[in-house]
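Q: I would like to learn how to read the side-chain and fold features of a structure, one at a time. Could we begin with a charge placed over an aromatic ring?

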Amino acid sequence: MTSHYIKGFDGVRAIAVLMVMVHHKLWMVTPGSLNLGKTGVNLFFCISGFLIVGILHESRKRIETRIAGSATELKNFYAKRLLRLSPPYFAYLLVALGLTLAFPKHFDYSGFLFHFTYTTNFWVGFVEKSWSNIFGHFWSLAVEEQYYLLTAPLLVFIPSAKHRAVMMTFVAIGVCSLATLLIHSAGP
């Protein structure tokens, strides 16, 4: 893990979470209101992506200076992510599953396989095509976990001198993807 801690990021993360919470509260009262939630989620993703790339960049530097091996760095990265996020996530899912089994008329268990495999974003976007139950909000965690799966091996195995170019390529692909989605969703 990098030894450089940026205190201000905790505050920015808190602001991003508050933006999402305020959005959800406002949306219930006035649908179509200012979309603070989208901005908050995007801000949170940017901060998280920046921090994860920094952690992985430091891992690659340790590999290059022969302090650690690639497999060890990758294993340590995934272990830290798993221990940080999974316990409360799976505890919530198990309680929800228990409630669903105990009260099937009141709870919807569709999509549990997606939730347990961190693929809620696919469930929301391609299966349900809506935020139909209490698990829809897990889409953002699924995206983050998928980002870890893609980015960690890439940055651990690519020389650190090439990391900037790789990340700039990711940004360019993201901007082009967003532009394509906006163009196609605008319609004729």
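A: A charge sits over a ring if NZ of Lys or CZ of Arg is within 6 Å of the ring centre and within 35 degrees of the ring normal. Here Arg81 lies over the face of Tyr148, at 5.8 Å from the ring centre. This is a predicted model, in which local features need pLDDT of at least 70 and side-chain atom pairs count only at pLDDT 80 or more, while totals for chains, interfaces and linings use all residues. Residues are numbered from 1 along each chain as its sequence is written, and side-chain values use heavy atoms, with hydrogens and water left out.

Q: How many helices and strands does the chain have?

A: Helices (H or I, at least four residues) and strands (E, at least two) are DSSP runs, numbered from the N terminus. By that reading the chain has 7 helices and 0 strands, and along the sequence its pattern is α-α-α-α-α-α-α. Taken along the principal axes, the C-alpha atoms fill a box of roughly 60 × 45 × 35 Å.

Q: What span should the 29 residues of H2 have?

A: The expected span of a helix is 1.5 Å times one less than its number of residues. For the 29 residues of H2 this gives 42 Å, and the end C-alpha atoms are 42 Å apart, which agrees. H2 is followed by Arg66, whose phi is positive, near 65°.

Q: How many salt bridges does the count come to?

A: A salt bridge is a side-chain nitrogen of Lys or Arg within 4 Å of a carboxyl oxygen of Asp or Glu, and by this rule the count comes to 3 salt bridges. One of them joins Arg13 to Asp10, with the closest N and O atoms 3.6 Å apart. Another joins the side chains of Glu64 and Arg60 at 3.1 Å, N to O.

Q: Why can partners three or four places apart in a helix point the same way?

A: An α-helix has 3.6 residues a turn, so residues three or four places apart point the same way. Arg13 and Asp10 are 3 residues apart in helix H1 (residues 8-29), a separation of about one helical turn. Likewise, Glu64 and Arg60 are 4 residues apart in helix H2 (residues 36-64), again about one helical turn.

Q: Which residue forms a salt bridge with Glu73?

A: Arg62 forms that salt bridge, the closest N and O atoms being 2.8 Å apart. The pair links distant parts of the chain, with Arg62 in helix H2 and Glu73 in helix H3 (residues 70-102), 11 residues apart. Glu73 counts as buried, at 5% relative accessibility.

Q: Which residues does Glu64 touch beyond its sequence neighbours?

A: Contact means heavy atoms within 4.5 Å. Leaving aside residues up to four places away in sequence, Glu64 touches Pro159 and Ser160. The C-alpha atoms of Glu64 and Pro159 are separated by 7.8 Å, although these residues are 95 residues apart along the chain. Among contacts in the chain between residues at least 6 apart in sequence, 56% join residues at least 24 apart.

Q: How many aromatic pairs does a search of the whole structure find?

A: Rings of Phe, Tyr and Trp (its six-membered ring) pair if their centres lie within 6.5 Å; planes under 30 degrees apart count as stacked, over 60 as edge-to-face and the rest as tilted. The search finds 12 aromatic pairs. Among them, Phe77 and Tyr78 are edge-to-face, at 5.5 Å centre to centre with 65° between the planes. Tyr92 and Phe138 are also edge-to-face, at 5.4 Å centre to centre and 90° between the planes. This second pair links distant parts of the chain, with Tyr92 in helix H3 and Phe138 in the loop between H5 and helix H6 (139-157), 46 residues apart. Ring pairs link Tyr89, Phe90, Tyr92, Phe112, Phe116, Tyr118 and Phe138 into a cluster.

Technical notes. Buried < 20%, exposed > 50% of the residue type's maximum accessible area, 1.4 Å probe, protein only.
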